[in-house]
Amino acid sequence: MRIITRVGEMLAENITASKKRTLIPTMGNLHEGHISLIEQAKTLDTEIIVSIFVNPAQFSEGEDLDTYPRTLDADIQKLKTVGIDILFTPQPHELYPFGMENFSYVHTPSLDRTLCSLSRPAFFKGVATIVTKLLNITRPHYAIFGDKDFQQLAVIRRMCLELFIPTTILSSPTIREKSGLALSSRNSYLSKSEHLIAPKLYEVLTQAKQDIERSPGRANDRQYLNSLEEHAKLALTEYGFKIDYFSIVSIESLLELPANQLVIAAAAYLGPTRLIDNIQLKLSEKLLTLNILKK
Ligand code: AMP
């Protein structure tokens, strides 16, 4: 495994690269969720590049940029064990050579109006910008992102389509603890007692999914979905979460119904820790036909 820290060196690599590449962007503090993306990359017969970069542009004032867990030595050991070709881990001045004020950015406004965007208005601009930079620097044939951050995935897919970025974006399923809690670097912020409550987020998402599956004729009924959302918020609040959002929306637009694929998405705080999770739900052909006939 080669470790590259300079943009110039990574760009020079492109000239001599003989194989297609897959990029897996991360912020480090690697866990089994990240490793699963690498395992997926291994099925593609490409060179694998993992980037580790805690991107200042996607953190707002008062968020956890300074305290975000940085564990580069342990990450390097994990990457050596799993086996990748290149670790790209630049310093901020390499990726933002003109500083963090007034830098050029990429924005995907169509998908940046709901869900996480409401409480983190700068977040997806930061993500779209850094992913564009990483794609430009590493020129991969494929890039892999986790379903766990499904709005991020939607933004990146849309951005690549709109900007004609020639990378195929692949997704990978969410890896969870046995308890159901989605693995996340931010889980390390949870106290012991919070860690015991945290799996309830997935439990409540699962409950909403089961409710929709039990009443498939109402899966595109906004009023019914609103009532499920309210019920879920109440349950989470009782467990001790502070709700950011709990929303059932079209997976494509992140907004309007009808949709043939829904996502049940939630963000909630336990103490200072913000957890996000989601479940995707494909509606059956039969149900879709019913919905079309009703119109
Ligand atoms: P992060 O380091 O948190 O920015 O995540 C880097 C990539 O790993 C993103 O594409 C995430 O969606 C993905 N990821 C994070 N947690 C998980 C998980 N539990 N399962 C699968 N992928 C994940």
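**The ligand site**

Modeller: By class, the residues of the shell around the ligand comprise 8 nonpolar, 7 polar and 2 charged. The model under discussion is predicted. In total, 17 residues surround the ligand, and the closest are His34, Gly146, Asp149, Ile175 and Leu183.

With regard to secondary structure, at least two shell residues come from each of three elements: strand S2 (21–26), helix H2 (32–42) and strand S5 (142–146). Helix H2 makes the greatest contribution to the shell, namely 3 residues.

The side chain of histidine 34 places an N or O atom 2.9 Å from an oxygen atom of the ligand. For methionine 27, a backbone N or O atom is found 2.9 Å from an oxygen atom of the ligand. Glycine 146 likewise has a polar backbone atom, which lies 2.9 Å from an oxygen atom of the ligand.

Turning to the protein as a whole, the secondary structure amounts to 11 helices and 9 strands. The C-alpha trace spans about 60 × 45 × 40 Å along its principal axes. The radius of gyration is 20 Å, which agrees with a compact globule, because a globule of 295 residues would have a value near 19 Å.

Two details of the backbone also deserve attention. Most peptide bonds are trans, and most residues other than glycine have a negative phi. Against that background, the peptide bond from leucine 257 to proline 258 is cis, with omega near 0 degrees. Proline 258 is situated in the loop between strand S7 (242–250) and strand S8 (261–270). Asparagine 102, although not a glycine, has a positive phi of about 60 degrees. This asparagine 102 belongs to the loop that runs between helix H4 (92–95) and helix H5 (116–119).

How values were computed:
Residues are numbered from 1 along each chain as its sequence is written. This is a predicted model: local features need pLDDT of at least 70, side-chain atom pairs count only at pLDDT 80 or more; totals for chains, interfaces and linings use all residues. Side-chain values use heavy atoms; hydrogens and water are left out. A residue is near a molecule or strand if one of its heavy atoms lies within 4 Å of it. A polar contact is a pair of N or O atoms within 3.5 Å; within protein, one must be able to donate a hydrogen and the other to accept it, and residues adjacent in sequence count only if both atoms are side-chain atoms. Helices (H or I, at least four residues) and strands (E, at least two) are DSSP runs, numbered from the N terminus. Ala, Val, Leu, Ile, Met, Phe, Trp, Tyr, Cys and Pro count as nonpolar, Asp, Glu, Lys and Arg as charged, and the others, Gly among them, as polar. The radius of gyration is taken over C-alpha atoms; the globule rule is 2.2 Å times the number of residues to the power 0.38.
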